[in-house]
Amino acid sequence: MKSLLDLFKQFTPDEQEIVDYLLSFVPTGNPDEEHYVRQHLRRYIATLQRIPPATNTSARVLELGASGMYFTPVLQKFAGYKQIFCSNWSDIDAGLTEQKTLKQRNGNGVLQCEVKNFNAERDRFPYPDNHFSLVLCGELLEHLAHDPMHMLWECNRVLQPDGWLLLTTPNLSC
């Protein structure tokens, strides 16, 4: 008889495609990173299932708190977003903007995106009003040390009038 944990690690064929794709972007040589991604596969799948698909090629998504950028490639392949912007926060790299290129280990998938380093809890987001179709705030809210209202106001400001905010927090069952 299989344990509950074994059942938790089983995926449908559609989910397995997502799992394989996600894992194909995890850099080799760092078992901790792969362990982290494997530990959170159910959460990644659940998040993806809640993302509204891009409605056109100009749809832009902002992924807040994308430190490892493990989830970012699925936004392009499975949700159809071609314009992906990411943010992260580190006191050391405050204000830094860089272009990141993620390459698939065992395929020819490539994702290029801009990563801006700003404090989502205190800084004005460095984007114009009504700029994004989707703001993804995955597993970030619980890390905020102060009032999250600034971040929520800024998400509202940069979202298009018909845009989506997808905010997730940890769930021990995922």
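Biologist: What handedness does the unit of strand 1, helix 5 and strand 2 have?

Modeller: This is a predicted model, where local features need pLDDT of at least 70, side-chain atom pairs count only at pLDDT 80 or more, and totals for chains, interfaces and linings use all residues. Residues are numbered from 1 along each chain as its sequence is written, and side-chain values use heavy atoms, with hydrogens and water left out. Strand 1 is residues 60-64, and helix 5 is residues 72-77; such elements are DSSP runs numbered from the N terminus (helices H or I, at least four residues; strands E, at least two). With the strands pointing away from you, a clockwise path from the first strand over the helix to the second counts as right-handed, and this β-α-β unit is right-handed.

Biologist: Which residue in strand 2 is the bridge partner of Arg 60?

Modeller: Pairing takes at least two DSSP bridges between two strands. Strands 1 and 2 pair in the parallel sense over four. Arg 60's partner there is Gln 83.

Biologist: And which residue of strand 4 stands opposite Cys 86?

Modeller: Strand 2 also pairs with strand 4 (residues 110-117), again parallel, over four bridges. Opposite Cys 86 you'll find Val 115.

Biologist: Over how many bridges do strand 5 and strand 6 pair?

Modeller: Together with helix 6 (residues 149-158), they make a right-handed β-α-β unit. Leu 136 has Leu 166 in strand 6 as its bridge partner. The pairing is parallel, and the bridge count is six.

Biologist: How many residues of helix 4 are buried?

Modeller: Buried means under 20% relative accessible area with a 1.4 Å probe, protein chains only (exposed is over 50%, partly exposed in between). Those in helix 4 include Arg 42, Tyr 44 and Leu 48. Of its 10 residues, the buried ones number eight.
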